[in-house]
Amino acid sequence: MAQEGLEEALNYFVFKHKGIYFQTDVTTPEVIDSLEHMEIRDSDVFLVTYPKSGTIWSQQVLNLIFHEGHRKGLEDINNMARAPWIEYNLYNINFDSRQSPRLFTSHLPYYLMPKDLRFKRGKIIYVCRNPKDAMVSFYHFYKLFSRLHVTLDLETFLDLFLSGRVICGSWFDHFRGWYTHKEDYNILFLTYEEMKKDLRSAVMKICNFVDIKLDDQAVDTIVEKSSFSTMRQDPLANYEFIPKDLLDFKKGDFLRKGTVGDWKNTMTVTQSEMFDRVYKEKMKDLPIKFLWDINDEEAGMLK
Ligand code: PPS
């Protein structure tokens, strides 16, 4: 891909602020900076992820846990309005005037999040996904951006991903930052893969963490309404409500495959080996074992 056209398109599409990249059309440096002093309530729950790690899936689970009206299909409120992204406040929601408990979503690295969270005010659910699947999902997602006037091939995207030149920066830095600062926060780590293997248990973990007791029937409803096939059909959950000038759904879906191990269908052996080398080097001191294939047995965060 011609370097010049690529640079021009990327510079138009993203800006760099405090070490990472943001989409020009959805936020500004001033908005990001203002979040540092956002007032946090003890009852706040933040869902935090690196992009393409199961955000809208976990958002659906969380919204179903907190809102009976959502479980029963009684309210016409989409998931982004229920648990807005703090850094891309597309609906201009006044966070201060929201009733407690407030739910929020964010892709921010730990150092750009509201400071108060570090004093264990509020709760954070950090969902992560094996970075090969996250990368492949991100690669396909980049094709949907209406204002990115270039189509990236996988080789180019892989380079950008590994060097942190994508929206939200480096996967490695994002994960490391949150994981190594976990003692500062009231935080629950979950993986996309464990949700995929046993969604019910993941729902129960979240319920315990946020201190909400639900009966079996409610939990069954949450599991059913957060399945890939149900969410794909659900206009309040599938993100087709995003304005067309931001995402062009003629080019693909937000809910694309929803599997573990799709990277094997996309990356070449050479690309995968190169990825493994970078992963090994950057992650060598972190006690996490990701599931790279749905048939892998053991995975998780070692305490
Ligand atoms: S974003 O843009 O960062 O908010 O994207 P994010 O929601 O984090 O990730 C999108 C991927 O999550 C998959 N997804 C699901 N997988 C399984 N079950 C359910 N219910 C579900 N909902 C979303 C979605 O399909 C994207 O992954 P890929 O691999 O591209 O399919």
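Before the first stop, one definition: a charge sits over a ring if NZ of Lys or CZ of Arg is within 6 Å of the ring centre and within 35 degrees of the ring normal. You are looking at a predicted model, in which local features need pLDDT of at least 70 and side-chain atom pairs count only at pLDDT 80 or more, while totals for chains, interfaces and linings use all residues. Residues are numbered from 1 along each chain as its sequence is written, and side-chain values use heavy atoms, with hydrogens and water left out.

**Stop 1: a lysine and two tryptophans**

Select Lys132, Trp263 and Trp292. The charged end of Lys132 sits over the ring of Trp263, 3.9 Å from its centre. The charged end of Lys132 also sits over the ring of Trp292, here 5.5 Å from the centre.

**Stop 2: aromatic pairs**

Rings of Phe, Tyr and Trp (its six-membered ring) pair if their centres lie within 6.5 Å; planes under 30 degrees apart count as stacked, over 60 as edge-to-face and the rest as tilted. Searching the whole structure gives 37 aromatic pairs. Select Tyr110 and Tyr111, an edge-to-face pair with 5.6 Å centre to centre and 85 degrees between the planes. Now go to Tyr142 and Phe145: their ring centres are 5.4 Å apart and their planes stand at 90 degrees, so this pair is edge-to-face.

Colour these residues by accessibility next. Buried means under 20% relative accessible area, exposed over 50%, and partly exposed in between (1.4 Å probe, protein chains only). Tyr111 counts as partly exposed at 37%. Tyr142 is buried at 4%, and Phe145 is buried at 4%.

**Stop 3: the core**

A nonpolar core is a set of buried Ala, Val, Leu, Ile, Met, Phe, Trp, Tyr and Cys residues joined through side-chain atoms within 4.5 Å. Which residues have the most contacts inside the largest nonpolar core? They are Phe46, Ile125, Tyr142 and Phe161, in a core of 104 residues. In soluble globular proteins, nonpolar side chains tend to be buried together.

Centre on Phe161 and show its contacts, where contact means heavy atoms within 4.5 Å. Leaving out residues up to four places away in sequence, Phe161 touches Tyr50, Pro131, Met135, Phe138, Val166, Trp171 and Phe275.

**Stop 4: two helices**

Helices (H or I, at least four residues) and strands (E, at least two) are DSSP runs, numbered from the N terminus. Select α3, residues 55-66. How many of the residues of α3 are buried? The count is 12 of 12, with Trp57, Leu62 and Phe66 among them. From first C-alpha to last, α3 reaches 16 Å, close to the 16 Å expected for its 12 residues; the expected span is 1.5 Å times one less than the number of residues.

Next, select α11, residues 216-225, whose buried residues are Ala218, Val219 and Ile222. They cover an arc of only 100 degrees around the axis, which puts them on the same side of α11; the arc is that of the directions from the helix axis to the C-beta atoms. Turn to the face away from that buried side to find the exposed residues Asp216 and Gln217. The buried residues of α11 pack against α3, α4 (68-71) and α10 (199-210).

**Stop 5: a tyrosine in α9**

Select Tyr192, found in helix α9 (residues 192-197). Its relative accessible area is 6%, so Tyr192 is buried. Among the residues Tyr192 touches, not counting those up to four places away in sequence, are Ser53, Trp57, Cys128, Arg129 and Val260.

**Stop 6: backbone angles in the loops**

Most residues other than glycine have a negative phi, and most peptide bonds are trans. With that in mind, select Ser100 and Pro101, which are joined by a cis peptide bond with omega about -5 degrees. Pro101 is in the loop between α5 (79-82) and β4 (103-106).

Then go to Cys168, in the loop between α7 (154-162) and α8 (171-180). The phi of Cys168 is positive, near 80 degrees, and this cysteine is buried at 2% relative accessibility.

Finish at Tyr239, in the loop between α12 (228-233) and α13 (263-266). Tyr239 has a positive phi of about 70 degrees and is buried, with a relative accessible area of 2%.
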